[in-house]
Each structure stands twice: as C-alpha cells, then as structure tokens.
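This briefing concerns the protein chain displayed below. Please consult the sequence and the coordinates alongside the text.

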Amino acid sequence: MSLAARVKGAAKILTLDIETAPSVVYTWGRFKQNIGLNQVIEDGRVLCVAAKWYGTKDVMFWSEHHDGRDAMIEGIHGALNEAEITVGYNHKNFDLKWLRQEFMLTGRKPTPPTKDVDLLSVVRQT
C-alpha cells in the first residue's frame, strides 16, 4: 500500500497558501522605520486563498475580487474546521496568523488546532 493511500485514509490533510495586500502608510523614510498607528492609511488584508485536500485533484480558490471578502473568509474557515493536518510554506508563522486575524475581525470562532507541517521548517532542517 502506498504512503498516499495510508495517509489519505488516516487524516484530513489540507494544503494552503494565501496572498496578502500590503499596508498603506505615510512615512518619511525608506529604511529602519517605526510606523505609528496614526501613519497607517489602510491595513493589509488577505486578498485570496488557495487550498487543496491531499489526495484530491480539485483546488479550492477564494478571492476578495471574485467571491467577496465574507465568502472568501467563510470558505477557508470551513476548510480549516475540517482539517486535521495543515501543510504550507511558512504557513505557521504567516498564513495561519493572517487567517486567525481575519476570523477574529469577521466575528468567527477560532478553528480547532491542527498538526502543522511547515515546509519552510523542513527545508531549513536539511
């Protein structure tokens, strides 16, 4: 039996990636800046999310532009509620933090904790 077949039956594995918009700020310099809250014109935000269940071919994609902000956040919130393991590249320190913030700002409950396979950590170990 292949590893994929064993893992597929054992756990729900979600791979994911997000893209974000930068914050827009007023600043006098370009290097080593400490930006105050009064300088922020527009906060950064999640623009789109792509996710895929391990062992399937279908990619789930939600974007602010095509689906609207609420549908995008609801889509990935639902997927993360089902996931037992999440896989991504630097997703533990970037993607999931952004998504948790979006869930909080939109009044959604936190998703259950998952086991994380962060490929950036894996690469750094080799």
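The model is a predicted one. Its protein chain holds five helices and seven strands, and 29% of its 126 residues count as buried.

**Overall chain**
- Read from the N terminus, the order of elements is α-β-β-β-β-β-α-α-β-α-β-α.
- The C-alpha trace spans about 60 × 35 × 25 Å along its principal axes.
- Of the contacts between residues at least 6 apart in sequence, 68% join residues at least 24 apart.

**Surface and charge**
- The accessible surface of the protein chain is about 8,800 Å², with 56% belonging to carbon and sulfur atoms.
- The chain carries 16 positive and 15 negative charges, whose mean positions lie 7 Å apart.

**Largest nonpolar core**
- This core comprises 17 residues, and those with the most contacts inside it are L14, L16, V49, I76, L80 and L99.
- Two or more residues come from each of β1 (13-21), β4 (45-53), α3 (69-82) and α4 (91-105), with α3 giving the largest share, five residues.
- Beyond residues up to four places away in sequence, L80 touches L14, L16, T86, L96, L99, F103, T111 and P112.

**Helix α4**
- Helix α4 has 15 residues and reaches 19 Å from its first C-alpha to its last, close to the 21 Å expected at 1.5 Å a residue.
- Its buried residues are H91, D95, L96, L99, E102 and F103.
- The buried residues of α4 pack against β1, β4, α3, β6 (85-88) and β7 (115-118).
- After α4 comes G107, which has a positive phi near 75°.

Definitions and conventions:
Residues numbered from 1 in each chain as written. Predicted model: local features only at pLDDT ≥ 70, side-chain atom pairs only at ≥ 80, totals over all residues. Heavy atoms only, no water. Core = buried A, V, L, I, M, F, W, Y, C linked by side-chain atoms within 4.5 Å. Buried < 20%, exposed > 50% of the residue type's maximum accessible area, 1.4 Å probe, protein only. Helix = DSSP H or I, 4+ residues; strand = E, 2+ residues; numbered from the N terminus. Contact = heavy atoms within 4.5 Å. Expected span 1.5 Å × (residues − 1). Areas by Shrake-Rupley, 256 points an atom, 1.4 Å probe, with all protein chains shown as cover. Lys, Arg positive; Asp, Glu negative; His and termini not counted. Charge placed at Lys NZ, Arg CZ, Asp CG, Glu CD.
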